[in-house]
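These questions and answers are meant to be read with the sequence and the model in view. Please keep both at hand, so that each residue can be found as it is named.

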Amino acid sequence: MRKVAVIGGGITGLTAAFYLQRKAQLNNLPIEVVLIESSLRLGGKIQTLRKDGFVIERGPESFLDYNNSVRNLAEDLGIEQKMMENNNGHTYVAVGSSLYPIPNNLMFGSLEVSSFITSSLFSLTGKIRAAGDLLLPKTRDVEDEPIGDFFRRRFGKEVVENLVEPLLAGTFAGDIDHLSIKSMFPQFYQIEKKHRSLILGLKKSGEALKKDHIESYQTFENGLETLVESLESQLSPNSILKGVKVESIDKLNDGTIQLFSNNMAPIKCDAVIMTTPFNVAKDIFTSYGLLEHTPIMQYATIATVTMAFKQGEAKNYQDAMNFFVSRNSDFAITTCTWCNHKWKNVAPEGYDLLRVYIGRVGDEAIVELSDSDIEKTVLKDLERAIGLTEAPLFTVVSRWKQSMPQYTVGHEKRMESMRQQLEKEFPNVKLVGSSYEGISVPDCVSQGKAVAEDVLQELFEMQLI
């Protein structure tokens, strides 16, 4: 009998534990899985509040499933029929005090000259500069660079300020002058290397990319936590330890590993899958000095603010699904979504459900305000942006401190160095999760499934079904 410990009960850890058990059953492997979570609930940042007919997401509210990793997991869980796609609607960007529509193909990363020419989001000068991508040479031979520098070089300052930065701030709460183009948008990095122009490169690669190109978000009928609940229900009940914090790790002479926690006897295991944030993982290895030369990772602090209103109280932009906010506007919020426009079944008939992000890298202090002050700040912005003057029926504020990993320039190189250290000192410990190879729900699901298969193949030296 082999024992595998999965540390961290977020979506990566849950997926890893599920596929460890599933693959072991299919291949008749003698394995015991234990999932260790420091809090008293599973799911990590995925947290759905169901209240009086409203479905409120405290953390992430949807995903773009490019490689079908979530759909495949849902099929394995038997809940694929509960998946749903977003309704059609318009997306805007707030620049200054006005909202401007984003062409749909720009929103989903399809760059066409016509999209820039017809968009009211850019001035004539900005459009001419964006078209310069067709003529400019490719980058100098640099290994990595900030997202801001990359897109300014290709399309100019205005496109970055009015499109690139708002979309990223509203999605990742990141600073584009520090985030890595190679780690965050490897497809654009590779297209420039191969084709020089991003516009021409995407056009030439169009047919190959079409199969991966999707233009709809997805979630589950009763909220994203449906996925978490299904995973937890299908794990062996005695395999889950909640309220247990792993504090250190030790390797024994026989090649096994011992985990030391805050409130129970050491756990001896044959392999470990660690899905905690990188800085937590680094602390666990402190006694070995492992990863000490890898700098701590930066994380963004944000809050989600969800408000319910009677329908029709927002005077403007009734066709909107969401809007993002540029830094050169004077709004405190970074994005706003009409949840009931985007999804079916998230609000009772006759009500609007608005969800706002507030806070980003460099503006964390606003998240420390009281709930009432945050509500006032958001309502002030919504009044100016969409003409909303009424008080909400209720407000749900959810703070996520140090929650969104920032893949800064050199991230890929640091991660490769980390893996080499780990392979040398702890070959039977794997680090996966949002700190490493993608922060979206599908990225985390992909990592969880892949690492489960890797661990089983290494333990049993066999090809899995």
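This is a predicted model: local features need pLDDT of at least 70, side-chain atom pairs count only at pLDDT 80 or more; totals for chains, interfaces and linings use all residues.

Q: Which element gives the most to the lining of the second largest pocket?
A: Lining residues are those with an atom within 4 Å of a point, and here there are 15 of them, with Arg419, Lys430, Leu431, Val432 and Val451 lying nearest the centre of the pocket. Two or more of these residues come from each of α16 (411-425), β19 (429-431) and α17 (441-460), where helices (H or I, at least four residues) and strands (E, at least two) are DSSP runs numbered from the N terminus. The most, four residues, come from α17.

Q: Which residues of α16 are buried?
A: The 15 residues of α16 should span 21 Å at 1.5 Å a residue, and the distance between the end C-alpha atoms, also 21 Å, agrees with this; the expected span is 1.5 Å times one less than the number of residues. Seen down the axis of α16, the buried residues fall within an arc of 60 degrees, so they line one face of the helix, the arc being that of the directions from the helix axis to the C-beta atoms. The face turned away from this buried side carries the exposed Lys413, Gln420 and Lys424, where buried means under 20% relative accessible area, exposed over 50%, and partly exposed in between, with a 1.4 Å probe and protein chains only. The buried residues of α16 are His411, Met415, Met418 and Leu422.

Q: Which exposed residues lie on the face of α15 turned away from its buried side?
A: Helix α15 covers residues 371-386, and its buried residues are Ile374, Val378, Leu379, Asp381, Leu382, Ala385 and Ile386. Seen down the axis of α15, these buried residues fall within an arc of 165 degrees, so they line one face of the helix, and they pack against strands that include β14 (299-310) and β18 (394-405). The face turned away from them carries the exposed Lys376 and Lys380.

Q: Where is leucine 291 found?
A: The phi of leucine 291 is near 70 degrees, a positive value in a residue other than glycine. Most residues other than glycine have a negative phi. Leucine 291 counts as buried because its relative accessibility is 0%. Its place is the loop between α13 and β14.

Q: How much space lies in the largest cavity?
A: A cavity is a set of grid points where a 1.4 Å probe fits but cannot get out, and the structure holds two cavities of 30 Å³ or more. The largest cavity is lined by 13 residues, of which Val55, Glu57, Glu61, Trp343 and Val346 are the closest to its centre, and the largest share of this lining, three residues, comes from β4. The space in the largest cavity is about 100 Å³.

Q: In which strand is asparagine 322 placed?
A: Asparagine 322 counts as buried because its relative accessibility is 4%. Leaving aside neighbours within four places in sequence, asparagine 322 is in contact with His90, Thr91, Tyr92, Cys336, Thr337 and Trp338, contact meaning heavy atoms within 4.5 Å. The place of asparagine 322 is in strand β15.

Conventions
Residues are numbered from 1 along each chain as its sequence is written. Side-chain values use heavy atoms; hydrogens and water are left out. On a 1 Å grid over the protein atoms alone, a cavity is a set of points where a 1.4 Å probe fits but cannot get out, and a pocket is an open set with protein on both sides within 12 Å along at least five of seven lines; lining residues have an atom within 4 Å of a point. Grid points are joined across faces, edges and corners, and a volume is the space filled by probe spheres set on the points.
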